[in-house]
Amino acid sequence: MKTACLKPHAIKAAFLFSFIIISPSSLFGQTNFATDPVGLIQLSVAGGSVAAPKISLVSPTLTQPISYQGLITAISGATITVAGTPWTANQFNGAAGSYYVEIISAATPAISGTLSDITSTTTNTITTAQPTGAAVGNTIKIRKDVTISDLFGANNSAGLLATGDASSSDEVLIYNGATAANYYYYTDASHSYDGWYDLSFNPAGQVTIAPNEGVVIKRKAAASLSIVFSGSVKTGNTLIPILNGLNVLGTASAKGLTLDTSGLYTGNSATGVLASNDASTADQIILYSNGGATQNIYYYYTDASHTYDGWYDLSFNPAGSIPISPGTAFVLKRYGGGNAFNWVLPSPTSF
Amino acid sequence: MHSIGCCHPQQVFNVFDGYSQNNRAKTTTAVQMNKSILLSVILSHAIIPFASATTIGFGAAPSSRSVVEGNLADVPVGSLVLVGTFTSPTFTLSGTTIQQEVTNAIADGGWTQFTASNLSTASVVGHQKVGGSLTDISAAADAFNGHSVYLWVFDTNQISTAQQMGIFAATSATPAWTFPTNNGGVGDGATLSTTTTATIAAIGGRGSVTSTQLILAAPVSAVPEPSTFTAGALLAFAAMGMRRRRRA
């Protein structure tokens, strides 16, 4: 077994991250067609109470292993064709779990890291939810989505507080913009209905957590909790959609980021965060710690002189080296009515 | 510092539409939310919902109180549940129709509904429960900060066709039925309970509560029950008969 260690840029108080490359093979029992390394992430979730839950922002960072990797031989609209007949019909159409495709393009780097769900599969074609902009000769990687059951265990092996009522259970919140969907692990004395549910009691174990999505854990048990998640390291850039308003973002970078290396500021508010000489009008990055009790706000300062351009906190302390650690999530508040953009989240192409 | 991004707007749509929308497609509620967010992308210069994000949720579960009509039969699937607050919750309803009582409660109680959306009852192991969540991403959410949460439940999916209703508040609950303070970010939400961990009371003189049920009721002077009508008719006929006998 090949073993190596990668250290994150820094360790945040609320999230302890340990990342260990343990094997190039699969931890999920599937066949790998590529050699993305795999590893473990340990997340620390702060303890709280029912009356005063603590929140921790986390993200899987690691992905499911690559189920297929190959070259596009033809493309028509949202349908991508590959050589041979490598798949069975409907293999990736959702019946056996949700899958998505990633586009890798050396010719057009701007689209590398584009992700799109797969809606149907033949033996040599996949159809995505939307056209991806890919071209013949581009590489595709197909992965299965990470689900709530993957991250926290189908039987809540992570050990979140489970009761017969969402109001007294630990909750897992997945945001779409500013709106969250709440999930929790239900259990009662009969154990007849044990499982992950939403607030309408619909089964939720297979709810997916996209690479761009952060997860907010509302912890009501007093004890802190360590959660270990294993998976594959996603290499290469990832395009993450940023909307106007609130974005709860995960990080797909197992290497870790800083604000300076995040790629969030591009110098153009059409392709990155809006900078300003006033924090109240700039897009904001908010990092939560201490169970949500501490919210550190950062923005990119710029003015006509460009003398002080850079990331700062609200006390105008330089913040470019502030880390966004693997396994964490953060909030980006996009101000100013600017357009939505794709954040090009950088990650090494190899480890 | 990296300067990488160079995708044009169409690519924004491609990534968002293609991935996020369908990634959420496994849950109906989330799909609807995504559609609204998709709209915000398309109208990105017109909609800037970022300053507010208060969320109130109720968890439907087997142990939650069921929502039933006066005859203790479960309300229909998807019955209307409004969430909001009253400034003067000591009013007493005396209308003869549901519509009248709704109008009176709004006027006398100072009702303000939380968001223009509503919850619906959900089927859980054969019974109707209050479940789901509402989020207000407008500045209007600020007005609810710290106020008590009330549930206004009807026996159909719209007020105009409802025959019964009940207004419910928790006199004691952990977590309390109180709107959280809107901080415009994550964590500004509360998930509340209708199980016996919450002591719930009906207000306004409509409905009642047991350990297992939230019971709706019809307005007092609404269409009389058949038994009431029969008794009244008998008394009237008896009075007419006595008058004829005296004349004779």
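Two strands are said to pair if DSSP finds at least two bridges between them. The model discussed here is predicted. In chain A, strand 19 (residues 238-242) and strand 27 pair in the antiparallel sense, over five bridges.

- A:T238 stands opposite A:L345, which belongs to strand 27 of chain A.
- Strand 27 spans residues 341-345 of chain A, and five of its five residues are buried, so the strand is largely enclosed by the rest of the structure.
- From this strand, A:F341, A:W343 and A:L345 point one way, whereas A:N342 and A:V344 point the other way.

**An open sheet in chain A**
- Five strands of chain A form an open sheet with antiparallel pairing, in the order 4-17-13-14-15.
- Strand 4 (54-58) and strand 15 (195-198) of chain A are the edge strands, each pairing on one side only.
- On average, neighbouring strands of this sheet are turned by 25° against each other, direction ignored.
- Strand 14 (residues 179-186) of chain A runs antiparallel to strand 15 of chain A, and four bridges join the two.
- A:Y183 stands opposite A:D198 of strand 15 in chain A.

**A loop residue in chain B**
- B:N182 is located in the loop between strand 8 (165-172) and strand 9 (189-192) of chain B.
- B:N182 counts as buried because 24 other C-beta atoms lie within 10 Å, the cut-off being 20 or more.
- B:N182 and B:V77 are separated by 105 residues in sequence and by 32 Å in space, C-alpha to C-alpha.

Conventions: Residues numbered from 1 in each chain as written. Chains lettered and ligands numbered in written order. Predicted model: local features only at pLDDT ≥ 70, side-chain atom pairs only at ≥ 80, totals over all residues. Axes fitted to C-alpha atoms, helices over the stretch in contact; angles between N-to-C directions. Buried ≥ 20, exposed ≤ 12 C-beta atoms within 10 Å, placed from the backbone.
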